[in-house]
Amino acid sequence: MKVGIITRYKYFTGGVETVSNLIKKVCESAGHKVDIISLDDDGFKQPSFFMKKIEMFYGPIRLSRYFKRKFKKGDYDLLICNGEFGFGITHPKCINLFHGSYFGYRDYLRKYLNLKQYINLSLGSFLQIRSAKGKYVVAVSSFVENILSAQGINVDRVIVNSVDISMFSPINNIKKNDRFLFVGSCDYFGKGFDVLEQLADKGMPIDCVTNRDPGEKLSWLRNIPNEDMPAIYNKYKALIFPSRFEAMPMVPLEAMACGLPVVMSNVGLGPDLKEKICEFVVDGWDDNAIDNYKTKIHLIEKDYTKYSKKAREYVLAHHALDKFKNEWLSLIEKFENNELGNRE
């Protein structure tokens, strides 16, 4: 089959792009031809200052217009659209893959949003609902499946994200330091930087791989290329990931694949992880949660080898590439054999 993946970015190194490239890799390994179609394609003009302000909404519209202008109806046998980038896209065989939810982000961060942000996220939620209409919908976690259902989007299947366990693996000859690590964008309340600061106030040294200086309480490692992250993960005592909203974050999975214990909030991966390794998951973001982060970290430190092994084993059992590959290829085969198609 010839497969088109329609998404915002082709070259950005975020979680969505990592998963898109992984889907491309597994499809091509089975003989399918895959193109990634994005706003990074040649021919797109840079948006004006005003258009940049509404790129969240205008981006999907621009990309759907570009797709209709450049490609004929039969150029692709199957389309995979990321999130709201299925808006305006029509095809008899089309998967809408959701890596997150504007509706979920809006409601989980409600008390930190101003009116403009709330309205923008509500409009983004509307775009996602329209994007999913008539398409076969895949979510990256049961957590986001439940949120999409509340949003009015029916999910047909959950396929969780995968990690390259050969790239992200323990490195025995790297000496661990006495510090803790955070990796993610510098979204203050969204990623829980207020929690990180409170933990730093309690004497925990935290280094941040992020896109902006996180402030004087936290050390800044700047952005680091993904291929260099295994060596970074292997240097630290634990990953702290107190995000207030995630779908299925790649960072904790990569860290655990390297044998790095994590202590994270109960969103995205959190509910599933909590069932298997409850010591890795903290509920809430209040003062009790801060104390709970400290308690769980001390518990992990007392039997570090055991929890390091548990971290790696969890990823091997639930997020290995072979499992991801088999699930995606079996789904694509059903479309290829006309066993599946769009909803009426």
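**Entry 1: D291**

I started with D291, which is found in helix α11, residues 287–302. The model I am reading is a predicted one. Is D291 buried, exposed or partly exposed? I read a relative accessible area of 39% for D291, so I log this residue as partly exposed. The class holds because buried means under 20% and exposed means over 50%. I then looked up a pair across the chain. D291 and Q198 sit 93 residues apart along the chain. Their C-alpha atoms are separated by 9.9 Å.

**Entry 2: whole chain**

Next I stepped back to the protein chain. I count 13 helices and 12 strands in the protein chain. How does the radius of gyration compare with that of a compact globule? For 344 residues, a compact globule would come out near 20 Å. The protein chain has 20 Å, so the two agree. I also took the spans of the C-alpha trace along its principal axes, and they are about 60 × 45 × 35 Å.

Then I turned to burial and surface. Of the 344 residues, 53% count as buried. The accessible surface of the protein chain is about 16000 Å². Carbon and sulfur atoms own 50% of that surface. I checked contact range too. Among contacts in the protein chain with a separation of 6 or more, 67% are between residues 24 or more positions apart.

**Entry 3: second largest pocket**

I moved on to the second largest pocket. I noted a volume of about 330 Å³ for this pocket. Its lining has 18 residues. Which of them lie nearest the centre? I wrote down E17, T18, N21, L22 and N226.

I wanted to know which elements build the lining. Helices α1 (15–29) and α9 (250–257) each supply at least two residues. Which element gives the most to the lining? That is α1, with five residues. I sorted the lining by residue class as well.

**Entry 4: S162**

I looked up S162 next. S162 lies in the loop between β6 (157–158) and β7 (180–183). Its relative accessible area is 2%, so I file S162 as buried. What does S162 touch, apart from its neighbours within four places in sequence? I listed L22, M250, H319, A320, L321 and F324. One of these, L22, is also among the residues nearest the centre of the second largest pocket. K68 is 94 residues from S162 in sequence, and the C-alpha atoms are 32 Å apart in space.

**Entry 5: R106**

R106 is found in helix α4, residues 102–108. Is R106 buried or exposed? With a relative accessible area of 12%, R106 is buried. Buried here means under 20%, so the 12% of R106 falls within that class. Leaving aside its neighbours within four places in sequence, I found R106 in contact with L113, Y118, L121 and S122. I took the distance to one of these, Y118. R106 and Y118 are 12 residues apart in sequence and 6.4 Å apart, C-alpha to C-alpha.

**Entry 6: positive phi**

Last, I looked at backbone angles. R222 is not a glycine, yet its phi is positive, near 65°. I placed R222 in the loop between β9 (219–220) and α8 (229–233). N338 is not a glycine either, and its phi is positive at about 60°. Where is N338? It sits in the segment after α13 (321–336). N338 has a relative accessible area of 59%, so I mark N338 as exposed.

Key: Residues are numbered from 1 along each chain as its sequence is written. This is a predicted model: local features need pLDDT of at least 70, side-chain atom pairs count only at pLDDT 80 or more; totals for chains, interfaces and linings use all residues. Side-chain values use heavy atoms; hydrogens and water are left out. On a 1 Å grid over the protein atoms alone, a cavity is a set of points where a 1.4 Å probe fits but cannot get out, and a pocket is an open set with protein on both sides within 12 Å along at least five of seven lines; lining residues have an atom within 4 Å of a point. Grid points are joined across faces, edges and corners, and a volume is the space filled by probe spheres set on the points. Helices (H or I, at least four residues) and strands (E, at least two) are DSSP runs, numbered from the N terminus. The radius of gyration is taken over C-alpha atoms; the globule rule is 2.2 Å times the number of residues to the power 0.38. Buried means under 20% relative accessible area, exposed over 50%, partly exposed in between (1.4 Å probe, protein chains only). Contact means heavy atoms within 4.5 Å. Accessible areas come from the Shrake-Rupley method with a 1.4 Å probe; for residues, only the protein chains shown count as cover.
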